[in-house]
Amino acid sequence: MLKKAILSLISLTFGFSLLFSGTTGKIAGKVINASTGEPLFAVNVIVEGTTLGAATDMQGNYVILNVPPRGLHCKGKCCWI
């Protein structure tokens, strides 16, 4: 009987942890020059209203992890001369 109660408590705890665990996503993309189609590097891509962001690599690719599941807007900013 005690074994069943402990197993039930563990199952219940595991179930609640899955229920309340956060679901996050990923934003990935490529930043290119609109007129030439060439990739842009060192562009900061940020998710507005959060502290999330990433910089593009030499091929213009970026990945932002742990993005909350809600309607968000991304903005790019070029900081090089």
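Of the 81 residues in the protein chain, buried residues make up 12%.

Turning to the fold, the protein chain contains one helix and five strands. Read from the N terminus, the elements follow the order α-β-β-β-β-β. Among contacts in the protein chain with a separation of 6 or more, 52% are between residues 24 or more positions apart.

Lysine 75 counts as partly exposed because its relative accessibility is 44%, a value between the 20% and 50% cut-offs. Beyond its neighbours within four places in sequence, lysine 75 is in contact with Asn44, Val45, Ile46 and Glu48. Asparagine 44 is 31 residues away from lysine 75 along the chain, yet the C-alpha atoms of the two are separated by 8.2 Å.

The mean pLDDT of the protein chain is 76, and 68% of the residues score at least 70. Confidence is highest in strand E3 (residues 53–55), at a mean of 92, and lowest in helix H1 (residues 2–20), at 52. Over residues 15–20, pLDDT stays under 50, and the model has zero contacts beyond four places in sequence for this stretch. Where pLDDT is low, predicted coordinates should not be read in detail.

Methods
Residues numbered from 1 in each chain as written. Predicted model: local features only at pLDDT ≥ 70, side-chain atom pairs only at ≥ 80, totals over all residues. Heavy atoms only, no water. Helix = DSSP H or I, 4+ residues; strand = E, 2+ residues; numbered from the N terminus. Buried < 20%, exposed > 50% of the residue type's maximum accessible area, 1.4 Å probe, protein only. Contact = heavy atoms within 4.5 Å. pLDDT = per-residue confidence, 0-100.
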